[in-house]
Amino acid sequence: MSESLLITGGRLIDPANQIDRVASILLVDGMVASIDPKDVSADVRTIDATGKIVSPGFIDLGVEFREPGFEEDETIASGSAAALAGGFTSVLCCSSTQPCIDSPGAVEFVRQKAVQAGGVRVHVIGCLSKNRDGDQLAELGLLYEAGAVAYSDAPRPITNDALLKRALEYARMFNLPIINRPNVMSLSKGGVMHDGQVALVLGLTGLPTEAEDLAVARDVRIAEATGGRLHIGPVSTMGAVDLIRRVKDRGIPITASVCPHSLCLDDSELRSFDARFKVHPPLRSRRHIETLQAAVADGTIDAIQSGHMPRAREKKMNDLDVSPFGSASLETTLSTVATFMLSVSDMNWSKVISRLSTAPARIAGVQGGCLSVGTIADVTIIDPDVKWTVRGTDFRSRCPSTPLDGHELTARVVMTIVGGKVCFDHS
Amino acid sequence: MTEAAEISLTIPYPWTRRHLLDLESLSGDEIRTLLDVADQLKQATGGCRNKISLLAGKTCANLFFENSTRTRNSFSLAAKRLGADTVEFSSAGSSTAKGETFVDTAKTIQAMGVDWVVTRHCTPGTPHLLARELECCVLNAGDGPHDHPTQGLLDILTIRQHRGRIEGLTVALVGDIAHSRTARANIWGLSKLGAHVIVCGPPTLVSERWGELGFEVAHNLDEILPRCDVLNLLRIQFERQSARPFPSVHEYANLYAMNVERMAKAKSDILIMAPGPINRGVEITPEVADGPHSVILEQVTNGIAVRMAALYLTANAPIS
């Protein structure tokens, strides 16, 4: 028996097909059946999306769900619920687990847990190196066959130059991207916040921008030499943006992403010494924020990823040196981007959706990211005008820590549909 | 020791803070109030030697998560001089060694009925965290390289007692500015009272960013020495450095140690200060440390006075 869903009256925005108009969309058996259907059976379930935005489901290029090993931070089930509440229909799951995801069995574990959780599509990022030790390549081919969609040791950066080169060469066989977090560890060791005037005054050890800039320079040079697929992210510095822009201008097909917190809050938040502002990449200065905003608007930065790094409440209730980096951000990503980015020159709703959906689908090579007829029916419905106040304790995530706690944001995901099924309904 | 009669203190500016966390957030008037009260308490206690029962019945807990000799004893004596009881806590062998967070440890101590928690910790901002979590007064006795407000106050008090003013003086902080909480406390306290502050040391220990914040940055001690009214010689904090910021102690001493030769280039009435513990032969030679320009031991005495002032003022601040 076919299952059908008709969404009417909404502003349909599909950057992949250059659609931005009020339209109806019919979903049948988990696929997009038609736009503005003519004849629809009267008994089809209808969702009135008048005043709302109807977009392809969001896709996150790198979340941490922390299972197995750190279930106190997040489980695949709680992370999936958070993703759905944030409008994400697909996520790429990092391997910050214990054991890490460097074997086909580990990939299968995540996939099985995701099936049990139901709802969001959980894709696996396989480890790039065995045991994430940054020394020897993991079994990239076996990971590919097991279903991995990308390789990374994230959030740990790949610091071994030779390993990165070997990986970019070898992974071309499988046409999967290598995702690397740019960070020269010898420069950032011990740092807890952006290395600027605020860190100087507070006496906190800084994370210098050079640590990111230098890593980006190395990564893009190796990508250029090998022709491998490299995604850099998340980035947070003016220097990184400048390098990425120049490399793209030369036609090198690298891609890059940014986290929402890097687009809104600056390092002065750390004056409170509150560990919820200890995030990675760190909150940087206003000049970096403005550069990143412009880079998202002009497409230099292809995608926005939530940067979801949940950490248990008790771990964040500590002094800044001990408290781990991280926050829950899946449930605030869309609202943060809408609140802080739509006022930026040349930014609009179509670009917001492109950065959250269309571009990530292209980078990761996963289904979704568009509403073309015949594609999977992953849809996010947004109320663009509603205002709401962030309360971390209300999150579906196990982690209540967010740098945006108490902020009033504009716009919110009201419904998330995965494979034609309503998996989250804010009402 | 004699029991002094009750005294009446003059508070020149209304004090409303229940915590003393740093000097950066204090106004010039608030800093002057602390100094004035410290002066009065020093006088009333006969140079911090006698007891007055201004805070009888109250209890001060010293929660030191880092080693300390002079600051811990100074706070203890300050509390006792004012008639308060003291509780001593060290992290070694405590519940923190069993995995308890320092916040929970502090809450436990507070539950025993203390009025102040005096805390020292290696991480910047920990007193601020405690101030959010505790109901009693929180006094910062040093949080990593961030701040050490009572040390800054005692340094400033010592200068003011000798010169009668702070405004218009040129004060150089020499040494490990990067890792020094004393430096930051002095920078804010002195600048708010109108002094010209120079931070001096090798570029690996003295960031140019201090210049962007309006302070003079110098890397050559001999060049600035003739202009200075006060030199505060800061210890190299080897324990806080992840990498050696200069080639050798010998080279550092050659460039920055205050010695007899350099004293000859200084103003005739220059004040030589050091927060201690001093490393003789590294930042200061014995002839200078023990010489007529040195006020290092006066600083120690004034430490008790400013800590009495801090305890008194915070205890009497209104509870919001």
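Reader: Let's start with helix α5 of chain B: is α5(B) mostly covered or mostly open?

Author: Mostly covered: 12 of the 15 residues in α5(B) are buried, where buried means under 20% relative accessible area, with a 1.4 Å probe and protein chains only. Among them are B:Gly152, B:Leu153, B:Ile156 and B:Arg160. Helices here are DSSP runs of H or I with at least four residues, strands are E runs of at least two, and both are numbered from the N terminus. One caution: this is a predicted model, where local features need pLDDT of at least 70 and side-chain atom pairs count only at pLDDT 80 or more, while totals for chains, interfaces and linings use all residues. Residues are numbered from 1 along each chain as written, chains are lettered from A and ligands numbered from 1 in written order, and side-chain values use heavy atoms, without hydrogens or water.

Reader: What happens just after α5(B)?

Author: B:Gly164 takes a positive phi of about 75° there.

Reader: How do I read a sheet, say the one with β1 to β4 in chain B?

Author: Strands of a sheet pair through backbone hydrogen bonds, either parallel or antiparallel. Here two strands count as paired if DSSP finds at least two bridges between them. This open sheet runs β2-β1-β3-β4 in chain B, with parallel pairing. β2(B) (85-90) and β4(B) (137-143) stand at the edges with a single partner strand each, so one side of each has no neighbour in the sheet. Neighbouring strands are turned by 15° against each other on average, direction ignored; axes are lines fitted to C-alpha atoms, for helices over the stretch in contact, and angles run from 0 to 180 degrees between N-to-C directions. Inside the sheet, five bridges join β1(B) to β3(B), and B:Phe64 stands opposite B:Arg120 in β3(B).

Reader: Which strands does helix α2 of chain B touch?

Author: α2(B) (residues 70-81) packs on the sheet and touches β1, β2, β3 and β4 of chain B, contact being heavy atoms within 4.5 Å. The direction of α2(B) makes about 160° with that of β2(B).

Reader: And what about antiparallel pairing in chain A, between β1 and β2?

Author: β1(A) (residues 4-14) and β2(A) (residues 19-28) pair over nine bridges. A:Ser4 has A:Val28 as its bridge partner. The two strands form a hairpin with four residues between them, and A:Gln18 in the turn has a positive phi of about 55°.

Conventions:
Buried means under 20% relative accessible area, exposed over 50%, partly exposed in between (1.4 Å probe, protein chains only).
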